[in-house]
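Biologist: Let's go through this one together. Could you start with the terms before we get to the helices?

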Amino acid sequence: KTSLVPFLLASKLLKNNKLPHFIIVVEQKASSINYIKDKYNEILNNKKDDDEGENEGENEGENLLSITTSLSNIIGNVNDNQFNGLSICILSPFDAFQLLRTVPNLQDFVSNSTFVFDDFELRSYETEILISFVHREITKLRRNDGLSKLVMMSTVTDKSFLSFFGQ
C-alpha cells in the first residue's frame with residue numbers, strides 16, 4: 001500500500017495531465033521516511049544520490065516525476081512558477097504541517113495536492129491536527145477535479161475516525 005497508492009495516483013495525474021501536482025505522503029514513523037524514499041527511487045529505476053537525499057534528473061523525462069523528503073525542495077518547487085512536474089513528497093506529520101504553514105498560497109497548493117496518510121492506525125495528536133487542518137482546507141475548495149485530495153491508509157480497520165468527517 002505504501003508504494004502502490006502514491007504511484008497509482010501519480011499515474012492518474014500524469015495520464016490526465018494534471019500538472020503541476022504534489023502528492024504529500026505523511027509517514028507516521030519518521031525512521032521509515034528515507035527507506036520509503038529509497039524504495040520509490042528503486043521503483044523509478046533512478047540511481048541514489050546522496051546530495052540532500054534528492055534525485056536530480058538530467059533529462060526532461062526524469063524531471064517529470066520527482067521523489068523528495070526535503071522540505072526546502074518542496075517549497076522551492078511550490079514557489080517556482082516554472083515547475084510543471086509531479087512531486088511525491090514523503091514527510092513526517094510535523095514537516096507536513098510546517099509545509100502547509102509555509103507555502104505562500106495555501107489554497108492553490110491544496111488544490112494542486114493530494115495528501116496520503118500512511119499507517120493511519122499509528123496516528124498521533126500531531127497527525128489528527130494535521131488531518132483536521134487539511135480537511136478544512138479541502139472543504140474550502142470551490143472546484144472538484146475528480147481527484148482524491150485526502151487518502152488515509154491503514155492495515156487495521158478503524159471506523160471511529162469516520163465520525164470526524166460526519167459519516
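Modeller: A crossing is left-handed if the near helix is turned anticlockwise from the far one by less than a right angle, and right-handed if clockwise. Helices (H or I, at least four residues) and strands (E, at least two) are DSSP runs, numbered from the N terminus. This is a predicted model, where local features need pLDDT of at least 70 and side-chain atom pairs count only at pLDDT 80 or more, while totals for chains, interfaces and linings use all residues. Residues are numbered from 1 along each chain as its sequence is written, and side-chain values use heavy atoms, with hydrogens and water left out.

Biologist: Which way does α5 cross α7, left-handed or right-handed?

Modeller: The crossing of α5 past α7 is left-handed. Helix α5 covers residues 93-102 and helix α7 residues 125-139, and they pack at about 30° with axes 9 Å apart. Axes are lines fitted to C-alpha atoms, for helices over the stretch in contact, and angles run from 0 to 180 degrees between N-to-C directions.

Biologist: Which residues in α5 and α7 meet?

Modeller: From α5, P93, A96, F97, L100 and R101; from α7, E126, T127, I129, L130, F133 and V134. Contact means heavy atoms within 4.5 Å. The contact residues divide into eight nonpolar, one polar and two charged. Ala, Val, Leu, Ile, Met, Phe, Trp, Tyr, Cys and Pro count as nonpolar, Asp, Glu, Lys and Arg as charged, and the others, Gly among them, as polar.

Biologist: Switching to the sheet. What is the strand order?

Modeller: The order is β2-β3-β1-β4-β5, an open sheet of five strands with parallel pairing. Two strands pair if DSSP finds at least two bridges between them. The edges are β2 (65-68) and β5 (150-152), each pairing on one side only. Twist from one strand to the next averages 15°.

Biologist: And how many bridges are there between β2 and β3?

Modeller: Four bridges, in the parallel sense, with β3 at residues 86-91. I67 stands opposite I88 in β3.

Biologist: Which strands does α2 lie across?

Modeller: Helix α2 (residues 33-43) lies across β1 (21-27), β2 and β3, at about 155° to β3.

Biologist: Last topic. Which element gives the most to the lining of the second largest pocket?

Modeller: That is α4, with three residues. The lining has six nonpolar, five polar and two charged residues.
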